[in-house]
Amino acid sequence: MTREEKQTLVDELSGKFQSHNSFYIVDASVMSVAKINDFRRLCFNRGMEYKVYKNTFIRKALDTLGHDTSEMDAALKGSSGVLFSSESGSAPAKLLRDFYKAQAYGRGVTPKPVLKGAYVDASIYIGADQLEGLTSIKGKQELLGELIGLLQSPAKNVISALQSGGNKLAGILKTLSEKEAA
């Protein structure tokens with residue numbers, strides 16, 4: 001591979017890093033071809049991309065992010081594949097969890113592909129033990145929905161109180177006017 005081809009690969013990878021708000025680095029080196037194909041198919045069906053890169057290419061592309069990504073060096077050992085997601089930071093973690101369940105890994109068996117590291121909205125997570133925490137991260141759309149719901153809630157309460165209070169006030173006035181007339 002020529003130097004120009006390598007630079008093209010690094011440029012492509014850094015472009016993907018900058019266009020995706022989250023990506024996960026996983027190790028699928030000991031998986032069979034059939035299981036890797038199943039994993040890639042699941043990624044495709046959920047709108048994610050999985051591709052294997054050399055660690056040096058990943059490191060050079062990470063340097064272009066403009067953040068301190070030196071913590072990711074711990075994840076760049078051995079075989080590395082990158083799982084890209086543009087929808088939410090938790091989507092790849094949920095995909096990995098679902099893939100583990102589908103493969104029926106038992107206790108004491110290390111599930112594959114192994115999560116080595118994740119980059120979610122400029123935060124870095126290292127190690128497979130971070131997977132459960134990553135599944136609970138809310139996406140941008142979920143957070144916006146909750147915020148809008150919280151903002152609308154007090155307004156709805158005020159409007160309903162005014163409407164119900166108006167009905168009560170009208171009822172009291174009607175009763176008083178009927179008593180005066182009688």
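**Pocket and core of a predicted model**

Biologist: Which elements each supply at least two residues of the lining of the largest pocket?

Modeller: In this predicted model, local features need pLDDT of at least 70 and side-chain atom pairs pLDDT 80 or more, while totals for chains, interfaces and linings use all residues. Residues are numbered from 1 along each chain, and side-chain values use heavy atoms, without hydrogens or water. A pocket is an open set of 1 Å grid points fitting a 1.4 Å probe, with protein on both sides within 12 Å along at least five of seven lines; lining residues have an atom within 4 Å of a point. Those elements, DSSP runs of at least four residues (helices, H or I) or two (strands, E), are H4, S4 and H5.

Biologist: Which residues lie nearest the centre of the largest pocket?

Modeller: The lining comprises 12 residues, and H4 gives the most, with three. Nearest the centre are Tyr100, Pro111, Ala128, Leu131 and Glu132.

Biologist: Is Ser85 buried or exposed?

Modeller: Ser85 lies in strand S3 (residues 80–85). Because its relative accessible area is 1%, against limits of under 20% for buried and over 50% for exposed (1.4 Å probe, protein chains only), Ser85 is buried.
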